[in-house]
Amino acid sequence: MSGRRVAGLVVFVLVTAGCASAGGGVGEVSSTPASTGLPTTIRPATTSTVPGDPSLAGVHGVVRITGEVAELEEEWGLLDPEGAYIGPVDVNGKPLLLEPIEGYGDFSDMTLQERFDMDPKVRQRLVLRCVSDVDPRFAQLIADTGDFNWGNLPDRLSQVGMAVYIACDEGLHLPSLRQKDWTPAMWQKAYEYALADLDCIERQTGIDLGPRLTLDEFIAGVEPLPPDSPYWKLDIATVRRLDQVCPWGPVGGFGAWDPGDPITPAP
């Protein structure tokens, strides 16, 4: 298991609290529209875009947030560990934050445990439906590629795509579940899955990954493998196969997995 994998397991939950971006910001999200069970319908605009801003041309029903931008940058997880902004920007290089786009679900009453246990694909389906409704160009990208990697969008539209994704995600009003929110039981369960995933990697590859992290080391974010680990010598095709056979987060979310359960291949 690579450092990316153990870190990714933490992101598996954290990404449902911040934003799961694609193409250069905060992560990556993929989904096949046909599997969502949610029809895509372009909704009529309920608000207007900011006049004169070509970044928002063609986008339906969103307005730019004009206040409390600094607070939202932190609240929405748009700062890197050093505090630098890594979210979308407008044509002038300023943060491009849109008001939350609602109407696709309201999870504001969800408990912390329910939030931890939630299947990330539920959130993903709702966000992708919202993104598709906001701009037919986004719907076309999802239909063509099976994901919403906004880095594939041309020119300024990639930044707009990131901003719309964040606005759709924020519109679900999911409770925050950042690392500081985790209970000891949540850390323990995530740790047990990390160990099971390491075992899965060893079975699939026949390589010895060496001693396991302790729980305290896992919480502290210690890298699980030294630079000379044989894992780092695996070819990219093998790594991609392992990502499917030994997924870095439990399929269906932590609520669908208990210690001792098998690792289920990603669909």
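## Tyr-231 and Trp-232

At 42% relative accessibility, Trp-232 is partly exposed. Tyr-231, at 3%, is buried. Buried means under 20% relative accessible area, exposed over 50%, and partly exposed in between (1.4 Å probe, protein chains only).

The model is predicted: local features need pLDDT of at least 70, side-chain atom pairs count only at pLDDT 80 or more, and totals for chains, interfaces and linings use all residues. Residues are numbered from 1 along each chain as its sequence is written, and side-chain values use heavy atoms, without hydrogens and water.

## Aromatic pairs

Twelve aromatic pairs occur in the structure. Rings of Phe, Tyr and Trp (its six-membered ring) pair if their centres lie within 6.5 Å; planes under 30 degrees apart are stacked, over 60 edge-to-face, the rest tilted. The ring centres of Phe-138 and Phe-148 are 5.4 Å apart and the planes meet at 65°, so this pair is edge-to-face. Phe-138 sits in helix α5 (residues 136-145), Phe-148 in the loop between α5 and α6 (157-170). The pair links distant parts of the chain, ten residues apart. Helices (H or I, at least four residues) and strands (E, at least two) are DSSP runs, numbered from the N terminus. Both Phe-138 and Phe-148 are buried.

The rings of Tyr-231 and Trp-232 are also edge-to-face, because their centres lie 5.8 Å apart with planes at 90°.

A cluster is linked by ring pairs: Phe-116, Trp-182, Trp-187, Tyr-191, Tyr-193, Phe-218, Phe-254 and Trp-257.

## Positive phi

Asp-155 is not a glycine, yet its phi is positive, about 50°. Asp-155 lies in the loop between α5 and α6. Its relative accessible area is 71%, so Asp-155 is exposed.
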